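Work through the exercises below with the sequence and the model open. Each task is followed by a solution in steps.

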Amino acid sequence: MKIFPFVAMLIGVAAGDVISIDPKFLSQYPQQQSYTTEPIPIVRQEQIINPDGSYKWNYETGNGIAAEEEGFIKNLGNPEQEAQSVQGQYQYTAPDGQVIQLQYIADENGFQPRGAHIPTSPPIPEDIQRALDYLATLPTPAPELNRIRI
């Protein structure tokens with residue numbers, strides 16, 4: 001319903017009426033964030049790449065952005081089981097002033113982020129958890145019982 005006063009104001013302007021806008025009305029809407037084109041200095045930067053495929057890098061900028069990551073190949077030399085393993089973190093300040101910090105691991109199990117700002121799912125209701133625990137105790141049916149016979 002906040003759009004109705006704005007539409008009414010536009011209709012009034014189109015009709016040639018002079019409209020004074022109450023500052024309280026404008027404060028209801030977030031102002032567009034201004035951005036600068038001023039260069040941001042790199043305060044610190046390091047990169048290490050090793051012949052075995054392992055690496056490490058990090059950087060920090062003048063406006064508080066920082067990131068680091070290191071990685072290596074698990075089971076190097078065994079093509080059937082080789083997997084890239086990476087861990088790292090980054091942080092920056094959000095437009096609302098909150099410092100966002102995220103740590104992550106990425107390996108054969110996928111990307112696994114951790115951070116206080118990441119939403120979490122609600123807990124499983126007790127009755128559902130009991131049912132899941134019970135189902136986990138049941139024996140797995142034999143594969144031939146799962147086939148459809150024609």
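**Exercise 1.** Find the salt bridge between the side chains of Arg130 and Asp127, and describe its setting.

Solution. Step 1: the N to O distance between the side chains of Arg130 and Asp127 is 2.6 Å; a salt bridge is a side-chain nitrogen of Lys or Arg within 4 Å of a carboxyl oxygen of Asp or Glu. Step 2: both residues belong to helix 3 (residues 126-137), three residues apart, which is about one helical turn. Helices (H or I, at least four residues) and strands (E, at least two) are DSSP runs, numbered from the N terminus. Step 3: Arg130 is partly exposed at 48% relative accessibility, while Asp127 is exposed at 53%. Buried means under 20% relative accessible area, exposed over 50%, and partly exposed in between (1.4 Å probe, protein chains only).

Two notes on the source apply throughout. The model is predicted, so local features need pLDDT of at least 70 and side-chain atom pairs count only at pLDDT 80 or more, whereas totals for chains, interfaces and linings use all residues. Residues are numbered from 1 along each chain as its sequence is written, and side-chain values use heavy atoms, with hydrogens and water left out.

**Exercise 2.** Which strands stand at the edges of the sheet?

Solution. Step 1: the sheet is open, with six strands in the order 1-2-3-4-5-6 and antiparallel pairing; two strands pair if DSSP finds at least two bridges between them. Step 2: strand 1 and strand 6 (110-114) each have a single partner strand, so one side of each has no neighbour in the sheet. Step 3: inside the sheet, strand 2 and strand 3 (residues 66-74) run antiparallel and are joined by six bridges. Glu60 has Ala66 of strand 3 as its bridge partner.

**Exercise 3.** Which parts does the salt bridge between Arg44 and Glu60 tie together?

Solution. Step 1: the closest N and O atoms of Arg44 and Glu60 are 3.5 Å apart. Step 2: Arg44 lies in strand 1 and Glu60 in strand 2, so the pair links parts 16 residues apart in sequence. Step 3: Arg44 is partly exposed at 36% relative accessibility, and Glu60 is partly exposed at 29%.

**Exercise 4.** Is Ser54 buried or exposed?

Solution. Step 1: Ser54 sits in the loop between strand 1 (42-49) and strand 2 (55-61). Step 2: its relative accessible area is 13%, so Ser54 is buried.
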